[in-house]
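Please keep the sequence and the structure in view while reading.

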Amino acid sequence: MIDWWDSLIFADKWALWFLLAVPVLAVAVFLLAGKGKPVLRLSSFRYLQGAPSPPIVKWRTLLYILRLGAIVLLIMAFARPQSKSEFKRSHGEGIDIMLAIDVSPSMNAIDISPTRMIAAKTQAERFIDARPDDRIGVVIFSAETFTLCPLTSDHEALKTMIETMDPATLEMGTAIGMGLAKCVERLKDSKAKSKVIILLTDGENNAGIIAPLDAGKLAKTYNIRVYTIGLGANSGKVLAPVTQNPDGTFVQQYQDVDIDEATLMNIAKNTGGKYFRAGDSGKLEEIYNEINRMEKSEFEKNDNEQRQEEFLPFVNIAILLLFVEFILRYTLFDSIT
């Protein structure tokens, strides 16, 4: 209600000058009250001396207040109140972006707080929020690949799907080449002015029939820029799942952080992208922010203003006040007015 009132403007402000007459009218009503012709003549007031006034008499001014309030509202309605809203129309083309995210079991490692997988989800969702004008899709991969979501402008639905990512979903392994190739497949027919893949992995390619460098060459053929991210502690051993039991649980053991940085650098360099190393969740956030700055959508935006007539609420309330005044005058106050 407060926001609605704050957005109001009056198209015919000159009409508001009539409000100055309302106090004059109120004073006139007060001075003339009780000076009308008597409706009952008495030869003497001697028998009425000391008789208390009915309590309802004290509320008699309520009738005048209701009527004056209705007059004020009608004057404001006559001044044409309007609500103002601003909106933007965007013109141009955004960027089509595919996120290739490793979901191998090692993504459950806790060297990245709280886990690599949770950090990857969180920062991917924040990146999506920062790209409202772009179509974005997600491919997940381990030993096999799966298109979690094709290119879409429905970012809320996309983020909901990202929340479902689970390292236990696909077969164990890391098929970086297959994940990258699947993204190229999704982008190759795009008409966007710029096509981008952001590939995030915490290991080295050990599965799939397409080598990462071959997938990188395929991306370059279709003029797709690839940014690669190596996720994992910069040194030492981490506790990570290495084998899966028949019941679906994983056997964990300490292992070295083994990211094929040379291959990731090569892919990024050959496609015009850049390689990043994320040793913690804060660094991963910085990386996504940097990619966001480098890949800017170019939109021409025009500010527009739209106004809507809002006189009806004022008229309706004025009519309600007059109706209440009429009912009270000829019922509750009928014997004293």
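A residue is called buried when its relative accessible area is under 20%, exposed when that area is over 50%, and partly exposed in between. The model discussed here is predicted. Of its 337 residues, 39% count as buried.

**Overall make-up**

The protein contains 10 helices and 11 strands. Its accessible surface comes to about 19,600 Å², and carbon and sulfur atoms account for 56% of that area. Among contacts between residues at least 6 apart in sequence, 81% join residues at least 24 apart. Q82 belongs to strand β2, which covers residues 81-91. Because its relative accessibility is 6%, Q82 counts as buried.

Helix α6 consists of 12 residues, 176-187. At 1.5 Å a residue this helix should span 16 Å, and its end C-alpha atoms lie 17 Å apart, which agrees. The buried residues of α6 include I176, G177, L180 and V184.

Which residues of helix α7 are buried? In this helix, residues 212-221, they are P212, A215, G216 and A219. Seen down the axis of α7, the buried residues fall within an arc of 105°, so they line one face of the helix. On the other side of α7, K217, K220 and T221 are exposed. The buried residues of α7 pack against α6, strand β7 (225-231) and helix α8 (261-271). Just after α7, N223 takes a positive phi of about 55°.

L320, F323, V324, F326, I327 and Y330 make a nonpolar surface patch of about 600 Å². One of these residues, I327, has its place in helix α10, residues 311-329. Its relative accessibility is 36%, and therefore I327 counts as partly exposed.

The table sets out the two residues for which relative accessibility has been given.

| Residue | Relative accessibility | Class |
|---|---|---|
| Q82 | 6% | buried |
| I327 | 36% | partly exposed |

Methods:
Residues are numbered from 1 along each chain as its sequence is written. This is a predicted model: local features need pLDDT of at least 70, side-chain atom pairs count only at pLDDT 80 or more; totals for chains, interfaces and linings use all residues. Side-chain values use heavy atoms; hydrogens and water are left out. Patches are made of residues with over 30% relative accessible area and no salt bridge: like charges are joined within 9 Å, nonpolar side chains (Val, Leu, Ile, Met, Phe, Trp, Tyr) within 5 Å. Accessible areas come from the Shrake-Rupley method with a 1.4 Å probe; for residues, only the protein chains shown count as cover. A salt bridge is a side-chain nitrogen of Lys or Arg within 4 Å of a carboxyl oxygen of Asp or Glu. Helices (H or I, at least four residues) and strands (E, at least two) are DSSP runs, numbered from the N terminus. Buried means under 20% relative accessible area, exposed over 50%, partly exposed in between (1.4 Å probe, protein chains only). The expected span of a helix is 1.5 Å times one less than its number of residues. The arc is that of the directions from the helix axis to the C-beta atoms. Contact means heavy atoms within 4.5 Å.
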